[in-house]
Amino acid sequence: MTEASLPLNEETILALGLRLEKTTKAAGLMLAGEILTFDRTGALWLEAHRTLVVSDLHLEKGSSFAVRSGQFLPPYDTRETLACLHEVVCRLDPACVVALGDSFHDARGPERLEPGDRAMVAALQEGRDWIWIAGNHDAAVSEGVGGRYAAALAVGGLTLRHEPSVSAAEGEIAGHLHPCGKVTMRGRSVRRRCFVTDERRLVMPAFGAFTGGLNVRAAVFEPLFPKGFTAHLLGDGRVFAIGRNMLGKD
Amino acid sequence: MPSSSTSPTTSGTPRREAAGPLPAAFAAWFAGRGWQPRAHQLDLLGTARAGRSALLVAPTGAGKTLAGFLPSLVGLSEAGPRKKPRLHTLYVSPLKALAVDIARNLDAPIAEMGLDIRVETRTGDTPSHKRTRQVARPPDILLTTPEQLSLLLAHAQAADLFGGLRHIVLDELHALVTSKRGDLLSLALARLRRLSPGATTIGLSATVREPDALRRYLVGQGVAAAISLPSAGEGGPRSGSGEGSDGSGEGAPLSGTSLTRGPPSPGEGGGPGGSMADLIVVQGGAKADLHMLDTGLTLPLAGHTAWQSMPAIYELIRAHRTVLVFVNTRLQAEYTFQELWRLNDDTLSIAIHHGSLDAAQRRRVEAAMAAGQLRAIVCTATLDLGIDWGDVDLVVNIGAPKGASRIMQRIGRANHRMDEPSKAYLVPGNRFEMLECRAALDAVEEAAQDTPDVRLGGLDVLAQHVLGMACADAFDANDLFDEIVSAAPYQWLTWEMFEMVVDYVATGGYALRAYERFAKILRGPDGLWRVRDARIAQQYRMNVGTIVEAARVKVRLTRHLRGKPGTVVPKSGRVLGEIEEEFGETLTVGDTFLFAGEILRFEGLSEDECLVTRAKGAEDPAIPSYAGSKFPLSTFLAARVRAIIADPFEWDRLPPQLAKYLLQQRKHSILPGEKDLLVETFPRGNRFYLTAFPFEGRLAHQTLGMLLTRRLERAGLRPLGFAANDYGIAIWTSRDVGERIAMAPGFTQALFDEDMLGDDLEAWLDESAMMKRTFRQCAVIAGLIERRYPGQKKTGRQVTISTDLIYDVLRKHQPDHLLLQAARQDAATGLLDVARLGMMLRRIKGRITHKALDRVSPLSVSVMLEIGRERVYGEGADEILAEAEAELLGEALA
């Protein structure tokens, strides 16, 4: 067998990744005149307003299964989610944190918080404004976890609410859908949480440790982005912008 | 019953006087058939009647099953009329089809001798009214599976049901003891020893390498061995447990448990000694008439399809009555079936049988086979065991044999008469497989066995069992511990580990005591543990068992919507079978693949179904994935392969093309010694390659590849990827690895040092997709998440959190959690095969031969051909994303 007949196909994808790393600036875009920065943790940074937005924390999701079905999932998801949030907050030092709804997995979630986790929430709120936007899971959340409550919020030209609305004006930022993008290259596929945007509106990824995802090619995204979209997938090292045509269905 | 097709007088062992005389009715029955009872049948009868347990090791066709039941039939016939129905004999088989088959075959002797004996089966298919009746009014002989036995033992009436049991017959024991089902069964046996102290155990097994391990499995082991195992950490063993009556159990003994403590590695524990059942061995029958199929055509260096040999295989089918064609994977089964039908000008009835096909379809094939209507069945391991196919006169095994014992089992499926030779052909798919076939032929010639070691019992299985025992009755922790460590696979268990398991079952075993008020089992004021409520017991029943199927989706045939090309009507056609969800996810609309003997076009996924249409025209399927061989090359065959390669005098016995290939390798590079590791380095294109040939199987090589890549990265050599097969690995780098070795002579040795199994392994396990898959299986078995049955819709109550997320969070916050320990224990021998890798690293210490080349060597070509076939799920995610993004970027800049 001659060497030339070997069907070798070893592209240098790793090297390619390293090169891109050096040339690509921080991921983000302009929306309704505001500069948005996508953090690789899935948080959104509005530097001009020193505001950090995180969506769908679903705190105490693990413990909710013990209540409902007697399944004892590791009760560490809240701790993990808060630790991630703590890392971003320390790094960016926001003046205001907005939790964009479904912050707790169910209305009784706050009652189940472990003392240590409750203290962590308080520590995160220390010295900054903190706003809980109401979600469908936690619309009637019991109080006692600090911060202010709101149905929606305007920041500059942006409107922040939990569920995206089809008829929204330009500049809506929402969560709720837990978008995920799937990329398949040479038979290998990767599915990651992502920001989805058509530069008119933005749907944020879920931030919680135990939150699953909905593929952005699902029908529910179509009316929101009739002219297509770009997904910004959360990689291990940074955020990757991927066009709709490159994203696979589940 | 196999004996009904055996010739009467000759037996492998000389006739000996039995311990007890055969009752007249039985002697007459044998005589009436023109038979004489075999020595081993009488031996077993004598042993069992003397109240001793026994292991019967015999080849196929030796009348093993009749031997196993003879003590029961004789005992029941002598007992006379019984006042109230009591279960006398329990038979456990790994296959429910086998249980049904045996029931049918017991009918003949019982009817012909006019015995008043009631035989019933109990499997997953048994209707619930019959199950209820079986408990209230048990048959004399119950034939069942390990899972059903566990369910019965968790029943509140278990003590009554099994109280009068006399015999327990375990069929195909060699196959059971190497799996988690064997763990489950060993725990059930331990419970039966308590409920039915008068019962003896009879194990029936094919020939195995170490019968003593099976003999220990069959009888209770002393407790002393278990508590003498070192138990580091706080508290003495068997502390009296906490006082809490609220189910909180005692404080968590978790804080002090270190990561390294836990189950011993295979090879430790469960050592020699201990009680053993008697051993009765029937020597092998006639030698197999076994050949390697050599068509004279040149075989490739990689690939497993054996397409060159299809015409020859077809000719073999034409020339025989009924042929079993074994292959190693489902995809290979589909391919072979397709190819044989392409050649099938005589329209011979050739069928296909594998685990993914619809069950009804499989039953039809089995029935047609039993009725002698088929000329050939292309099948996977699903037909490895058990059922007597009667008229098979040839076995063809396509692809690598992988293990000597495995191939002997398969060969034994031809010709169920012990005294006539079984006829079989091994068909290699590439030149390396020729080597493996040669090694297997030699092994069969010498009747050398390489059955795997008996397992150490899994912690996940134990957790399931503990919950089951709480469902049966209140238990005392000390008593249950004693019972459990009497099972040979659980002799290693320490009291502390057992406490961890109980704590896990009760409240999840978390250091953060979040679930105390939901506890599944509670310790009452009397010190006994009880299940919380009927809902928990129901949850146990729904999740019992240790077989965790890969998540599967149904394959449904659909038709296109008229006037709307590209759209299909869901639910419009029939279900063809199931495929692994993972495989389904890699398909894109328009892909064609082989399934159920047809070329199908993928149309999309809908909820839990994979929608397909029949592909039009004669297009070739684009098989998008080669799933590799499920079974790694056995250590034993690997050693033989290395020995053949190392010894040129052996090459005369090889097909000429293979000998020529080895000569080429010797000319262009070198051939490694029998115990050596050959490492080659060479440049190719703008890359540098390192290849190595440990011959330790694909799984161990994949783990090795991951670890070596990490080390090369640290050494600044910029590894870009690797590929592995059963024989070796290839790693490619962007810096010259050969030059580094030339400059630093100790580099290769350091690269392959055993210490890679320390920190590097730890770091890799953090992110390994294989480890996550292993964890998922443990989580299902231990009841952390509920089982999903194929086709079953998710209910609102069910966990919709991916186990990958659970794994990540648990590993970070409680790395010594019971389920992570269980997953680690599995990783040692399962998908990661760490144990075998460790063995190899020790073997090659100081025995690495490095050859720097200026181009790829003949040997290395084989593994280089694997490049591009590998699928490593979930790893290297960023590279894939970066590449996708670059494509977009390229579009934008064009």
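1. Chain B has 894 residues, and 51% of them count as buried. The model is a predicted one. Chain B contains 33 helices and 27 strands. Of its contacts with a separation of 6 or more, 77% are between residues 24 or more positions apart.

2. Chain A has 250 residues, of which 47% are buried. Its secondary structure comprises 5 helices and 16 strands. Among contacts in chain A between residues at least 6 apart in sequence, those joining residues at least 24 apart make up 69%.

3. Strand β9 of chain B, residues 323–326, is covered on both faces. V323(B) and V325(B) point to one side, L324(B) and F326(B) to the other, and all four residues are buried.

4. β9(B) has parallel partners in β11 and β12 of chain B. With β11(B), residues 376–379, the parallel pairing runs over 4 bridges, and F326(B) has C379(B) as its bridge partner there. With β12(B), residues 394–398, β9(B) is again joined by 4 bridges in the parallel sense; here V325(B) stands opposite V396(B). In general, strands of a sheet pair through backbone hydrogen bonds, in either a parallel or an antiparallel arrangement.

5. Helix α12 of chain B covers residues 310–319, and its buried residues are M310(B), I313(B), Y314(B) and I317(B). Viewed down the axis of α12(B), these buried residues fall within an arc of 100°, so they line one face of the helix. The exposed residues E315(B) and A319(B) are carried on the face turned away from that buried side.

6. What do the buried residues of α12(B) pack against? Their partners in chain B are the strands β9, β10 (350–353), β11, β12 and β13 (423–427), together with helix α13 (330–343).

7. In chain A, seven strands form an open sheet in the order β1-β2-β3-β4-β5-β6-β7, and the pairing is mixed. β1(A) (28–31) and β7(A) (148–150) are the edge strands; each has a single partner, so one side of each is left without a neighbour in the sheet. On average, neighbouring strands of this sheet are turned by 25° against each other, direction ignored.

8. Within that sheet, β4(A) (residues 51–54) and β5(A) (residues 96–99) pair in the parallel sense over 4 bridges. The bridge partner of V54(A) in β5(A) is A99(A). Helix α3 of chain A, residues 77–92, packs on the sheet and touches β3(A) (44–46), β4(A) and β5(A). The direction of α3(A) makes about 165° with that of β4(A).

9. E696(B) is a residue to look at in the loops of chain B: its place is between β24 (687–692) and α24 (698–714). Is E696(B) buried or exposed? E696(B) counts as buried, because it has 25 C-beta neighbours inside 10 Å, and the cut-off for a buried residue is 20 or more.

10. Which residues does E696(B) contact, leaving aside its neighbours within four places in sequence? They are A638(B), H701(B), R836(B), L837(B) and M840(B). Another distance concerns F636(B), which is 60 residues from E696(B) along the chain; the two C-alpha atoms are separated by 9.8 Å.

Methods: Residues numbered from 1 in each chain as written. Chains lettered and ligands numbered in written order. Predicted model: local features only at pLDDT ≥ 70, side-chain atom pairs only at ≥ 80, totals over all residues. Helix = DSSP H or I, 4+ residues; strand = E, 2+ residues; numbered from the N terminus. Buried ≥ 20, exposed ≤ 12 C-beta atoms within 10 Å, placed from the backbone. Contact = placed C-beta atoms within 7 Å. Pairing = 2+ DSSP bridges. Arc of directions from axis to C-beta. Axes fitted to C-alpha atoms, helices over the stretch in contact; angles between N-to-C directions.
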